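The structure comes before the entries.

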Amino acid sequence: MKIEGPHTDRSELNVIEIICGSRGSDRCGDTASSGQQVWGNWTGEALCPAKTFLTSFSLQVEKYNATKDSTGANYVRFRCRSFKDNLFDFDLSFPPGYGKYGAYGEWSDACPVNSAICGLKTKIQAAQGAGFDDTALNDVKFFCCE
């Protein structure tokens with residue numbers, strides 16, 4: 001994740017990037033991301049345990065408020081699971097696991113057995129210009145692949 005810290009016009013979450021891996025638990029080096037804004041700094045990586053994959057997510061969002069600086073999305077957390085069954089889930093987030101504003105939504109539906117998150121599409125607000133409120137990343141949709 002790329003997150004903008006304390007600032008006059010906070011935008012918080014600006015980019016989500018996922019790291020691709022193989023079923024043999026090898027990291028293939030490829031990444032996937034969607035639209036992004038330029039503000040903020042990258043967090044460290046948070047990786048699923050060996051031989052597990054991202055299968056569902058929850059997005060922390062601050063509701064829009066016309067009378068104050070709004071941030072849009074603040075943080076994302078995931079669940080990891082074995083590719084072949086749905087017996088055990090592992091929560092995954094980069095510490096501390098939450099942003100400063102808003103609340104987490106419900107967990108998404110999990111990818112079916114024999115599939116995992118493989119791509120994403122984000123809703124990004126364009127820069128609004130001086131004196132206007134920037135929110136950057138406002139929504140995300142993840143895709144499952146076999």
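**Entry 1: aromatic rings**

I began with the rings and noted that Phe57, Phe78 and Phe142 form one aromatic cluster. The model is a predicted one, in which local features need pLDDT of at least 70 and side-chain atom pairs count only at pLDDT 80 or more, while totals for chains, interfaces and linings use all residues. Residues are numbered from 1 along each chain as its sequence is written, and side-chain values use heavy atoms, with hydrogens and water left out.

My search of the whole structure returned 3 aromatic pairs. Rings of Phe, Tyr and Trp (its six-membered ring) pair if their centres lie within 6.5 Å; planes under 30 degrees apart are stacked, over 60 edge-to-face, and the rest tilted. I recorded Phe78 and Phe142 as edge-to-face, because their ring centres are 5.4 Å apart and their planes stand at 75°. This pair links distant parts of the chain, with Phe78 in strand 7 (residues 73–82) and Phe142 in strand 11 (residues 137–145), 64 residues apart. Strands here are DSSP runs of E with at least two residues, numbered from the N terminus.

Are Phe78 and Phe142 buried or exposed? I found both Phe78 and Phe142 buried. The scale puts buried under 20% relative accessible area, exposed over 50% and partly exposed in between, with a 1.4 Å probe and protein chains only.

**Entry 2: charges over rings**

I then looked up charged ends over rings, a term that requires NZ of Lys or CZ of Arg within 6 Å of the ring centre and within 35 degrees of the ring normal. The charged end of Arg77 sits over the ring of Tyr104, at 3.9 Å from its centre. For Arg79 the ring is that of Trp107, and the charged end sits over it at 3.8 Å from the centre.

**Entry 3: the nonpolar core**

Which residues have the most contacts inside the largest nonpolar core? That core has 22 residues, and I listed Leu13, Ile16, Ile18, Leu54, Phe78 and Phe142 as those with the most contacts inside it. A nonpolar core is a set of buried Ala, Val, Leu, Ile, Met, Phe, Trp, Tyr and Cys residues joined through side-chain atoms within 4.5 Å. Two or more residues come from each of strand 6 (52–61), strand 7, strand 10 (116–124) and strand 11. Strand 7 gives the most to this core, with 5 residues.

Leu137 lies in strand 11. I noted Leu137 as buried, because its relative accessible area is 0%. Among the residues that Leu137 touches are Leu13, Val15, Ile16, Thr71, Ala73 and Ile124, not counting residues up to four places away in sequence. I also looked up Trp39, which is 98 residues from Leu137 along the chain; their C-alpha atoms are separated by 11 Å.

**Entry 4: disulfides**

How many disulfides does a search of the whole structure find? It finds 3 disulfides, each a pair of cysteine sulfur atoms within 2.5 Å.

- Cys48 and Cys80 form a disulfide with their sulfur atoms 2.1 Å apart. The link of Cys48 and Cys80 is left-handed, with -75° about the S-S bond. Cys48 lies in the loop between strand 5 (41–42) and strand 6, and Cys80 in strand 7, so the pair ties together parts that are 32 residues apart in sequence. Cys80 is buried, at a relative accessible area of 0%.
- Cys111 and Cys144 form a disulfide with their sulfur atoms 2.0 Å apart. I noted it as left-handed, because the torsion about the S-S bond of Cys111 and Cys144 is about -80°. The pair ties together parts that are 33 residues apart in sequence, because Cys111 lies in the loop between strand 9 (103–104) and strand 10, and Cys144 in strand 11. Cys111 counts as buried at 2% relative accessibility, whereas Cys144 is partly exposed at 39%.
- Cys118 and Cys145 form a disulfide with their sulfur atoms 1.9 Å apart. With 50° about the S-S bond, the link of Cys118 and Cys145 is right-handed. Cys118 lies in strand 10 and Cys145 in strand 11, so the pair ties together parts that are 27 residues apart in sequence. I found Cys118 partly exposed, with a relative accessible area of 30%, and Cys145 partly exposed, with 35%.

Conventions
Helix = DSSP H or I, 4+ residues; strand = E, 2+ residues; numbered from the N terminus. Contact = heavy atoms within 4.5 Å.
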